[in-house]
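This report looks at one helix and at the pockets of a protein model. Keep the sequence and the 3D view open while reading.

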Amino acid sequence: MQRLQGRVALVTGAGSGIGKATAERLAREGAAVVVTDVQDGSGTDVRDGIVAAGGAASFVHLDVTAPDQWQYAVSEALAAFGRLDILVNNAGMGDLATIEDTELADWDRTIRIDQTGVFLGMKYAAVALIESGHGSIINISSIFGTSGGFGTSPAYHAAKGAVRTLTKNAALHWADKGVRVNSVHPGFILTPILEPTKGTPFEQMMVDLTPMGRLGRPDEIAAGVAYLASDDASFVTGLELYIDGGYIAR
């Protein structure tokens, strides 16, 4: 399908995992993709792969916690492709400590990347997205933006919960301005971060907690993002899309 022909997308954290799969899926759907990441090597590899497959892409280094880098990334998207229609706020990090063992510096870092980075992206892309006439923002939250998980990772849960509510707030703000804002809530997805868990009791625990009995794939998240980015979702805003193998339904 070429649902995104003529559109331009900016994807954060696009050097690996869900971000990489999303950038590649949007490109296959016809979008020109601005690949962004703090890891320049992996980010340029994704860009080169899209171009080699016949797509259009550029790479911009982007630390999502830095307002000046956001301004630069948006300006580069406009310079390279003349417009910006789709913003995928995917960049994030996790933490594993309990609330007693979470240091303030660690809390602040997770909140800056997972929550403030989403706010900054929406703030600095707003004008371009409104001008596009087809604006779509997809914020990657988590099942742990809704549930309490295992009682650990308090900063991650707090940030992803904030992304869930911020998405709805922005969706209402821009509902009559041509910009749709939705959140995607992945379950346990087999990304490079989870590779070390293969064959371990922790992997089996995640499988056992998922009603469909397996881990998800990054391309399954990317498919949901592509739908929300497209005109197939033209009447969809403020949605929480759970792609979790049934985890939240338990």
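Just after helix α3, G82 has a positive phi of about 85°. The model is a predicted one: local features need pLDDT of at least 70, side-chain atom pairs count only at pLDDT 80 or more, and totals for chains, interfaces and linings use all residues. Residues are numbered from 1 along each chain as its sequence is written, and side-chain values use heavy atoms, with hydrogens and water left out.

**Helix α3**

Helices (H or I, at least four residues) and strands (E, at least two) are DSSP runs, numbered from the N terminus. Helix α3 covers residues 67-81, and its 15 residues should span 21 Å at 1.5 Å a residue, which agrees with the 21 Å between its end C-alpha atoms. The expected span is 1.5 Å times one less than the number of residues.

Which residues of α3 are buried? They are W70, A73, V74 and A77; buried means under 20% relative accessible area, exposed over 50%, and partly exposed in between (1.4 Å probe, protein chains only). Seen down the axis of α3, these buried residues fall within an arc of 95°, so they line one face of the helix. The arc is taken from the directions from the helix axis to the C-beta atoms. An α-helix has 3.6 residues a turn, so residues three or four places apart point the same way. On the other side of α3, D68 and A79 are exposed.

The buried residues of α3 pack against strands β1 (8-11), β2 (32-37), β3 (57-61) and β4 (86-89), and against helix α4. Contact here means heavy atoms within 4.5 Å.

**Pockets**

A pocket is an open set of points on a 1 Å grid over the protein atoms alone, where a 1.4 Å probe fits, with protein on both sides within 12 Å along at least five of seven lines; lining residues have an atom within 4 Å of a point. The volume is the space filled by probe spheres set on the points, which are joined across faces, edges and corners.

| Largest | about 1400 Å³ | G92, M93, G94, Y156 and I193 |

The largest pocket is lined by 46 residues. Elements giving two or more residues to this lining are α1 (17-28), α4 (104-132), α5 (154-173) and α6 (201-209).

I193 sits in the loop between β6 (179-186) and α6. With 71% relative accessibility, I193 counts as exposed.
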